[in-house]
Amino acid sequence: MNETLLTNVVAVSTATPDVDLDGKPKANRDGLPVHVVQVAVTYNGDASLLKVKVAGEPPKVSVGVPVALVGLTGTQWAMTDRHGISWSAREIRPLPAAPPPAAPPAGKN
């Protein structure tokens, strides 16, 4: 089995409640609310937008912030002529900001 390495995962939305067709918030089997965060990912040289669902407290992520998708899983689904993959994670958390580049050494005059 080939392993896919996700790199450069960036939030492109904040967390929003996942809702059903009637606009009611969804919950998982344990009754925890489900939230959705859209992320842009690069993998094996390609890029995609994914809607990733997470149960519990809404992830505290901002647009443009690199994130970690902890426990990411994809579940294939099909309904009549429609099909796709539903993505979920145990946790979506912001990654620490990269340190600023070091200043060049001062030159002698």
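Q: Which element gives the most to the lining of the largest pocket?
A: That is β7, which contributes four residues. Keep in mind that this is a predicted model.

Q: What is the volume of the largest pocket, and which residues are closest to its centre?
A: The volume is about 580 Å³. The lining has 19 residues, and the closest to the centre are Asp 18, Lys 26, Lys 51, Lys 53 and Ser 86. Two or more lining residues come from each of β2 (16–17), β3 (34–43), β4 (46–55), β6 (73–79) and β7 (82–88).

Q: What makes a residue a lining residue?
A: It needs an atom within 4 Å of a point of the pocket. Asp 18 is one of the residues that line the largest pocket, so Asp 18 has such an atom.

Q: How is the lining of the largest pocket divided by class?
A: There are eight nonpolar, five polar and six charged residues. Among those closest to the centre, Lys 26 is called charged because Lys belongs to that class, whereas Ser 86 falls among the polar ones.

Q: How do you know which elements the protein is built from?
A: Zero helices and eight strands are found, and the order along the sequence is β-β-β-β-β-β-β-β. A strand needs at least two residues, so β2 (16–17) is still called a strand.

Q: How much of the protein is called buried, and why?
A: Buried residues are 20% of the 109 residues. They are called buried because their relative accessible area is under 20%.

Definitions and conventions:
Residues are numbered from 1 along each chain as its sequence is written. This is a predicted model: local features need pLDDT of at least 70, side-chain atom pairs count only at pLDDT 80 or more; totals for chains, interfaces and linings use all residues. Side-chain values use heavy atoms; hydrogens and water are left out. Buried means under 20% relative accessible area, exposed over 50%, partly exposed in between (1.4 Å probe, protein chains only). On a 1 Å grid over the protein atoms alone, a cavity is a set of points where a 1.4 Å probe fits but cannot get out, and a pocket is an open set with protein on both sides within 12 Å along at least five of seven lines; lining residues have an atom within 4 Å of a point. Grid points are joined across faces, edges and corners, and a volume is the space filled by probe spheres set on the points.
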